[in-house]
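Subject: Structure handover

Hello,

The structure is below for your records. My notes on it follow.

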Amino acid sequence: MLRIRYREGSEIRGRTIDSPAELDAYDLVIPVEPPEVWCAGVTYERSRDARIEESTVKDVYALVYDAERPELFLKDAQCRRTVGPNEPIAVRGDSDWDVPEPEIAVVLGEDGELAALTIGNDVSSREIEGANPLYLPQAKIFAGACAIGPALYVPDDWEAPLEIGMRVHAADGTELYAGETSTARMRRSFQELVDWLLRNNPVPPGSVLLTGTGLVPPDDFTLEPGHIVEITVSQIGTLRNPVVEAASLVHRKDANDQVAGSTV
Ligand code: DO4
Ligand code: MG
């Protein structure tokens, strides 16, 4: 059983459906509007190895992969940078090396319990992250940096592995990247990551934790405006998002250029 939200006329409605095969019949919107989005990092070997390779500072990634305390970071608040199915995700104008990160996202319930799963995309700048780990917030937090959906799924068995597939294609359908992984390759469980997240930390109900990526495209790949990202988990469906420039999603006078001498 899946929980969806969808548009009908000017209304947003919610309902349950039996399987992902029914998703195409709805004009889907984001299945939950999370007050906060958090991410775990370096939870798969593939992520650890890619970051050791890209970074000017190598040790931090090997250390955090093996450490008891996981890497956790805030990705969004008040759903300002998080979109739902078919809405645009984005790449930064000041980065030339960008990737989608397909991740299983845990939705937290009233008391911080694991309430549901969905698909998340932790869109990231590898150029900015690789230059210096202290730039992580800028590599991870920007307009259109996160997508979740298409539906909420409550597994019978929270430990059962999920297969994650990702495909990136150009507007004309040319396939630019395709890969698959499984949560069986994760070094940590969802519950372990949630327990660390909630330690001494008042994360509101309905918040979402993305649990890390196990798919990193080859180093000559970069995400570009016009591309389309599709992330599929058979139990949940496909999260599909077109890519635009982040500045086009920021509706503010100084979105594209710094305003010299600005007082606000
Ligand atoms: O420290 C870098 C971020 C890692 C990440 O987002 C991931 O592994 O998914
Ligand atoms: Mg990630």
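Lys140 is buried at a relative accessible area of 3%, where buried means under 20% relative accessible area, exposed over 50% and partly exposed in between, with a 1.4 Å probe and protein chains only. This is a predicted model, in which local features need pLDDT of at least 70 and side-chain atom pairs count only at pLDDT 80 or more, while totals for chains, interfaces and linings use all residues. Residues are numbered from 1 along each chain as its sequence is written, chains are lettered from A and ligands numbered from 1 in the order in which they are written, and side-chain values use heavy atoms, with hydrogens and water left out.

Lys140 sits in helix α4 (residues 136-140); helices (H or I, at least four residues) and strands (E, at least two) are DSSP runs numbered from the N terminus. Apart from neighbours within four places in sequence, Lys140 has contacts with Phe73, Lys75, Glu101, Asp122, Val123, Ser124, Glu129 and Ala145, a contact being heavy atoms within 4.5 Å.

The magnesium ion (ligand 2) is coordinated by Glu101 (OE), Glu103 (OE) and Asp122 (OD) at 2.0 to 2.1 Å. Donors are N, O and S atoms within 2.8 Å of the metal (3.2 Å for Na, K and Ca), and sites may look incomplete because water is not among the atoms. The spacing of the donor residues in sequence is E-x1-E-x18-D. Glu101 is in the loop between β8 (98-99) and β9 (102-108) and Asp122 in strand β10 (residues 114-122), so this pair ties together parts that are 21 residues apart in sequence. Both are buried: Glu101 has a relative accessibility of 3%, and Asp122 has 0%.

Next, a helix pair. The axes of α1 (residues 45-54) and α2 (residues 59-66) come within 8 Å and cross at roughly 165°. Axes are lines fitted to C-alpha atoms, for helices over the stretch in contact, and angles run from 0 to 180 degrees between N-to-C directions. The two helices, α1 and α2, are therefore roughly antiparallel to each other; angles over 145 degrees count that way, under 35 as roughly parallel, 65 to 115 as roughly perpendicular and the rest as oblique. The crossing of α1 and α2 is left-handed, meaning that the near helix is turned anticlockwise from the far one by less than a right angle (clockwise would be right-handed). On the α1 side, Glu45, Arg48, Arg51 and Ile52 meet Tyr61, Ala62 and Tyr65 of α2. The residues of this contact divide into 4 nonpolar, no polar and 3 charged, with Ala, Val, Leu, Ile, Met, Phe, Trp, Tyr, Cys and Pro counted as nonpolar, Asp, Glu, Lys and Arg as charged, and the others, Gly among them, as polar.

Some backbone points remain. The peptide bond from Gly149 to Pro150 is cis, with omega near 5°, and Pro150 lies in strand β12 (residues 146-153). Val42 has a positive phi, near 55°, in a residue other than glycine. Val42 is in the loop between β4 (36-41) and α1 and is buried at 3%. Asn86 likewise has a positive phi, near 70°; Asn86 is in the loop between β6 (82-83) and β7 (89-91) and is partly exposed at 46%.

Regards
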